[in-house]
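Q: I am new to this structure and would like to learn how its features are read. Could you take me through them one at a time?

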Amino acid sequence: MAGNFAPKSGKRTRNIYDPKSSEPFKLSRSKLDLFLGCPRCFYLDRRRGVGRPGMPPFNLNINVDTLLKKEFDIHRAKAQAHPLMKEYGIEAVPFAHEKMDEWRENFKGVQYLHEPTNLLITGAVDDIWVNPKGELYVVDYKATGNKEKAVTALDQDWHIGYKRQMEIYQWLLRRNGHSVSDTGYFVYCTGRSDTEAFDGKLEFEVVVISYIGKDDWIEDCIAGAHACLVGEEIPTSGESCEYCAYTGAVQHELN
């Protein structure tokens, strides 16, 4: 097991921004979020090829995502509402579109070339629903464990990342010519620990949380990320970046 997390030597040589290149540079939704969190980590990653240490995959979360997609796809094929939509009074059905599989695929997703910066912005959605007026609802699946109760609101400080994620998806779909509602939905699955026994299965309480998105910050964010990439000096770190704090402390001890 330990071998799976052995450190890699050297720097990455692919997907590095070259200010002299005329080719569009792909920048994912997660990398925009990285820029907002820490310009230094973003610059080192996309310009110098030195990324943050990788994390082991959250396979349980991935499995929940996969099963939810399969479940909603059954109703998508039938153009009918999922029981959760009926339970929460959401007049919609899963959106059927020829690019749906591509939009949900990592490293592809919904794409839009931001011409002022020549950055190709991408983001892989979990799901999209459509209401009778033809407006799209961006939907994101989340899975977690909570000893006390199910997650029913996005009221934690770290939930800002989830909200920005949804807003970028809304922005991308609008730039692709779709009518997108400001309202989006999180299908939040909380693993239960109050059952009498495990019995080879984990039960979840599923809650649908609505969120009103605002994408008016995204243009400035893209412009800021581009300005960071074309610079020749490594920028300062984010105020609360734990990675920079750690590497700074290590460097201090080594000196």
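Q: How many bridges join strand β2 to β5, and do the two run parallel or antiparallel?
A: Strands are DSSP runs of E with at least two residues, helices are runs of H or I with at least four residues, and both are numbered from the N terminus; two strands pair if DSSP finds at least two bridges between them. Here two bridges join β2 (residues 93-94) to β5 (residues 127-130), and the strands run antiparallel. Within this pairing, Pro 94 stands opposite Trp 129 of β5.

Q: Before we go on, what kind of model is this, and how are its values taken?
A: This is a predicted model, in which local features need pLDDT of at least 70 and side-chain atom pairs count only at pLDDT 80 or more, while totals for chains, interfaces and linings use all residues. Residues are numbered from 1 along each chain as its sequence is written, and side-chain values use heavy atoms, with hydrogens and water left out.

Q: Which way do the residues of β5 point, and are they buried or exposed?
A: In a regular strand the side chains alternate between the two faces of the sheet. In β5, Asp 127 and Trp 129 point one way while Ile 128 and Val 130 point the other way, and all are buried; buried means under 20% relative accessible area, exposed means over 50%, and partly exposed lies in between (1.4 Å probe, protein chains only).

Q: Which strand forms a hairpin with β5, and what is found in the turn?
A: β5 forms a hairpin with β6, with five residues between them, and Gly 134 in the turn has a positive phi of about 90°. Four bridges join β5 to β6 (residues 136-145) in an antiparallel arrangement, and in β6 the bridge partner of Val 130 is Leu 136.

Q: Where is a positive phi found in a residue that is not a glycine?
A: Ala 79 has a positive phi of about 55° although it is not a glycine; this residue is in the loop between α3 (59-77) and α4 (83-87), and it is exposed, with a relative accessible area of 57%. Asn 118, also not a glycine, has a positive phi of about 60°; it is found in the loop between β3 and β4 and is partly exposed at 23% relative accessible area.

Q: What is the order of strands in the open sheet, and which strands are at its edges?
A: The open sheet has three strands in the order β1-β4-β3, with mixed pairing, and its edge strands are β1 (25-28) and β3 (110-114), each of which pairs on one side only. The twist averages 25° from one strand to the next. Four bridges join β1 to β4 (residues 119-123), and these two run parallel; in β4, Leu 119 is the bridge partner of Phe 25.

Q: Which helix packs on this sheet, and at what angle?
A: Axes are lines fitted to C-alpha atoms, for helices over the stretch in contact, and angles run from 0 to 180 degrees between N-to-C directions; contact means heavy atoms within 4.5 Å. Helix α7 packs on the sheet, touching β1, β3 and β4, and its direction makes about 125° with that of β4.

Q: Which residues of α7 are buried, and why do they line one face of the helix?
A: The buried residues of α7 are Ile 218, Cys 221, Ile 222, Ala 225, His 226, Cys 228 and Leu 229. Seen down the axis of α7, they fall within an arc of 160° and therefore line one face of the helix, the arc being that of the directions from the helix axis to the C-beta atoms. These buried residues pack against β1, α1 (29-37), α2 (39-46), β3, β4 and α6 (160-175).

Q: What does Val 230 touch, and where is it placed?
A: Val 230 is in helix α7 (residues 218-230) and counts as partly exposed at 34% relative accessibility. Not counting residues up to four places away in sequence, Val 230 touches Tyr 17 and Arg 47. The C-alpha atoms of Val 230 and Lys 20 are separated by 9.2 Å, although these residues are 210 residues apart along the chain.

Q: How many helices and strands does the chain have?
A: The chain has eight helices and eight strands, and buried residues make up 40% of its 255 residues.
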